[in-house]
Amino acid sequence: MATMAECRTALDRLSDTLASADGDVRGAAALNRSLSCRITDLDVTFTGRLENGRITVLDSHPGPPREKAEIRLAMTGDDLLSMVDGELNFAKAWASGRVKLEAGFRDLLRLRSLL
């Protein structure tokens with residue numbers, strides 16, 4: 001089982017990947033939205049912002065998100081690490097329910113190029 005520190009590092013690596021992307025991926029990640037990532041098996045939520053193509057983690061706390069972020073993710077720590085390492089395809093994980101993504105309709109349309 002992934003640790004909280006490993007999940008935090010994975011979010012930083014994901015941010016670096018988004019920041020170095022180009023084309024449609026870069027455009028999709030260029031949103032300015034609040035973000036939460038709930039790690040279900042650790043019962044912890046990371047909160048922050050997706051802004052200018054980067055994820056900035058501002059806080060973490062036990063339990064579910066305290067406030068409703070504009071973009072909300074939920075998954076196990078192992079799935080987060082597997083996705084960031086390229087071993088788990090986000091679209092397949094989302095379609096199978098292993099990863100949950102909630103956002104407004106327009107944001108979902110924009111984020112689809114990340115899939």
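Me: Which residues touch the most other members of the largest nonpolar core?
Reply: In this predicted model, Ile39, Ile71, Leu73, Met75 and Leu80 touch the most other members of that core, which has 28 residues. At least two core residues each come from α1, β1 (32-39), β2 (44-51), β3 (54-62), β4, α3 (77-84), α4 (90-96) and β5 (100-103).

Me: What does Leu80 touch, leaving aside residues up to four places away in sequence?
Reply: Leu80 touches Cys7, Ala10, Leu11, Ile39 and Met75. Of these, Cys7, Ala10 and Leu11 are among the buried residues of α1.

Me: How do you know that the span of helix α1 is close to the expected one?
Reply: Helix α1 (residues 4-20) has 17 residues, and 1.5 Å a residue gives an expected 24 Å. The distance from its first C-alpha to its last is 25 Å, close to that value.

Me: What makes the buried residues of α1 line one face of the helix?
Reply: The buried residues are Cys7, Ala10, Leu11, Ser15 and Leu18. Viewed down the axis of α1, they fall within an arc of 145°, and therefore line one face. The face turned away from this buried side carries the exposed residues Ala5 and Ser20.

Me: Why is Arg72 called buried?
Reply: Buried means under 20% relative accessible area; Arg72 has 16%, so the term applies.

Me: What surrounds Arg72 in contact terms?
Reply: Arg72, found in strand β4 (residues 71-75), touches Ser36, Lys100, Leu101, Glu102 and Ala103, not counting residues up to four places away in sequence. Its side chain also reaches the backbone oxygen of Ala69 at 2.4 Å.

Technical notes: Residues are numbered from 1 along each chain as its sequence is written. This is a predicted model: local features need pLDDT of at least 70, side-chain atom pairs count only at pLDDT 80 or more; totals for chains, interfaces and linings use all residues. Side-chain values use heavy atoms; hydrogens and water are left out. Helices (H or I, at least four residues) and strands (E, at least two) are DSSP runs, numbered from the N terminus. The expected span of a helix is 1.5 Å times one less than its number of residues. Buried means under 20% relative accessible area, exposed over 50%, partly exposed in between (1.4 Å probe, protein chains only). The arc is that of the directions from the helix axis to the C-beta atoms. A polar contact is a pair of N or O atoms within 3.5 Å; within protein, one must be able to donate a hydrogen and the other to accept it, and residues adjacent in sequence count only if both atoms are side-chain atoms. Contact means heavy atoms within 4.5 Å. A nonpolar core is a set of buried Ala, Val, Leu, Ile, Met, Phe, Trp, Tyr and Cys residues joined through side-chain atoms within 4.5 Å.
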